[in-house]
Structures are given as structure tokens and as C-alpha cells.
Amino acid sequence: SSFPPAGWQLQSTSSNTWQQAQSLTIGSIQITPVEGTHFTFCNWHATHAQDEKLITPSLDLTILQSGELSFHFFGNYHWSVDPNDNCDLFVKVSVNGGEWVQIFTETDHPLFIDNDINYLWMHTVLDINDYIEYSDVRFMFQYTGTDGAQFGIDAVKVSGMFGEEIFTATLRLEPGDYEYKY
């Protein structure tokens, strides 16, 4: 039940970093997991710059003929885009221990817009076909900012075609082991 889960790495610059929760209340909004019993979120810090990285275990994607990374996230447009550009959520990928390449930020999601709906889980699916030929692939969820707002993630999965079957690996952010489904 320790955090981060086995195989995950946490790289932090602040005491307000990625952590597990069974629920979270922000104002009058109650946030609960999309799947399972826990999700993870990064809390904001009012005065210190944050660069909080949560990195998946190394994944061998060579078994897939096609692939996608899916996850749910929540955040707050007002504090991360407009009128306050105080924080961001990035997803990056690294192959064979190489450089991190950004493949997503919160503004890439079409529902992450300026409206009254904040802190709702938004499902995201990213094409990772460029990485299926590699045996050492890691994904990073990175929170950056100062005096921003919370961002959370849950239900992180890598899936794709494995022969004639669909393969899904659920990368748990809660107590337990990896879950693989064919």
C-alpha cells in the first residue's frame, strides 16, 4: 500500500507531490476513483515552483501490432490556462532511457475548456503506435506550476492488438499488482 506503487517512480521538487487518495473534496466537489479504490493527484503549492513527475514502470511494447495509452484526468481550466496560467499537466514518453518527448498536455483535451465544469474526470486516449517497436518504454505524468490547482489521474492503461486478441495492461495507481487482460 505504499506510494508510488511497485515499479513506478516519483521525482519531486516539493512536499506537495503526487499522492494516493480514495476521495478528494475541492470546494463543494467530491472526487472519487474512476476505477478501483484509489486514484492519484498532485496538490498545488502557493509559493514554491513544482515539477512533480510520476513515471510508469518500463513496458515492453514489442508484442503489440498497434497501441494506445488511455487514462482519466481532472484539473481546473481557470488556474491552469485562463485567466491564470499557473500549472500544467503533461504526459511524456521515453524510449530506452532516452529523452522525454511530450505527447499530451491538458489543453489537448477538447472538453478542457473555460466553463463551470471543473474537476470532472476526462477520458483521454493517445496513439502510441510510434513506440510499439521498443522493449523499454516509460510514460511520465508531469505536474508543473506555482500557485496552480490540483490535477489527478486514474485508470492508466496500455492496450492494443496482440495477434487476433486485444491486450490491455492496467497500470495500477493503487495497492496491488499490474493487471493484464487478453
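## Cysteines

At 1% relative accessibility, Cys 87 counts as buried. This value, like the others below, comes from a predicted model. Cys 42 is buried too, with a relative accessible area of 0%.

A search of the whole structure finds zero disulfides. The cysteine sulfur closest to that of Cys 87 belongs to Cys 42, and the two are too far apart for a bond because 9.1 Å lies between them, whereas a disulfide requires the sulfur atoms to be within 2.5 Å. Seen from Cys 42, the closest cysteine sulfur is that of Cys 87, again at 9.1 Å.

## The five-stranded sheet

Five strands make up an open sheet with antiparallel pairing, in the order E1-E6-E11-E8-E9. Strand E1 (9-11) and strand E9 stand at the edges; each has a single partner strand, so one side of each is left without a neighbour in the sheet. Direction ignored, neighbouring strands of this sheet are turned by 20° against each other on average.

Six bridges join strand E6 (residues 50-55) to strand E11 (residues 137-145) in the antiparallel sense. Asp 51 has Thr 144 in E11 as its bridge partner.

## Strand E8

Cys 87 belongs to strand E8 (residues 87-95), where nine of the nine residues are buried, so the strand is largely enclosed by the rest of the structure. Both of its faces are covered. On one side lie Cys 87, Leu 89, Val 91, Val 93 and Val 95; on the other lie Asp 88, Phe 90, Lys 92 and Ser 94; all are buried.

E8 pairs with E11 in the antiparallel sense over nine bridges. The bridge partner of Cys 87 in E11 is Gly 145. E8 and E9 also run antiparallel and are joined by four bridges, with Val 93 standing opposite Val 101 in E9. The hairpin of E8 and E9 has five residues between the strands, and Asn 96 takes a positive phi near 55° there.

## Aromatic pairs

The structure holds 13 aromatic pairs. One of them joins Phe 73 and Phe 112; this pair is tilted, with 5.9 Å centre to centre and 50° between the planes. Phe 73 is in strand E7 (residues 66-74) and Phe 112 is in the loop between strand E9 (101-105) and strand E10 (122-127), so the pair links distant parts of the chain, 39 residues apart. With relative accessibility at 0%, Phe 73 counts as buried. Phe 112 is buried as well, at a relative accessible area of 4%.

Phe 112 also forms a tilted aromatic pair with Phe 151, at 6.2 Å centre to centre and 35° between the planes. Phe 151 lies in strand E12 (residues 151-162) and Phe 112 in the loop between E9 and E10, so this pair ties together parts that are 39 residues apart in sequence. Phe 151 is buried, with a relative accessible area of 0%.

## The ring cluster

Which residues do ring pairs link into a cluster? The members are Phe 71, Phe 73, Tyr 77, Phe 104, Phe 112, Phe 141, Tyr 143 and Phe 151. Phe 112 takes part through its pair with Phe 73 and its pair with Phe 151.

Notes: Residues numbered from 1 in each chain as written. Predicted model: local features only at pLDDT ≥ 70, side-chain atom pairs only at ≥ 80, totals over all residues. Heavy atoms only, no water. Phe/Tyr/Trp six-rings, centres within 6.5 Å; stacked < 30°, edge-to-face > 60°. Helix = DSSP H or I, 4+ residues; strand = E, 2+ residues; numbered from the N terminus. Buried < 20%, exposed > 50% of the residue type's maximum accessible area, 1.4 Å probe, protein only. Pairing = 2+ DSSP bridges. Axes fitted to C-alpha atoms, helices over the stretch in contact; angles between N-to-C directions.
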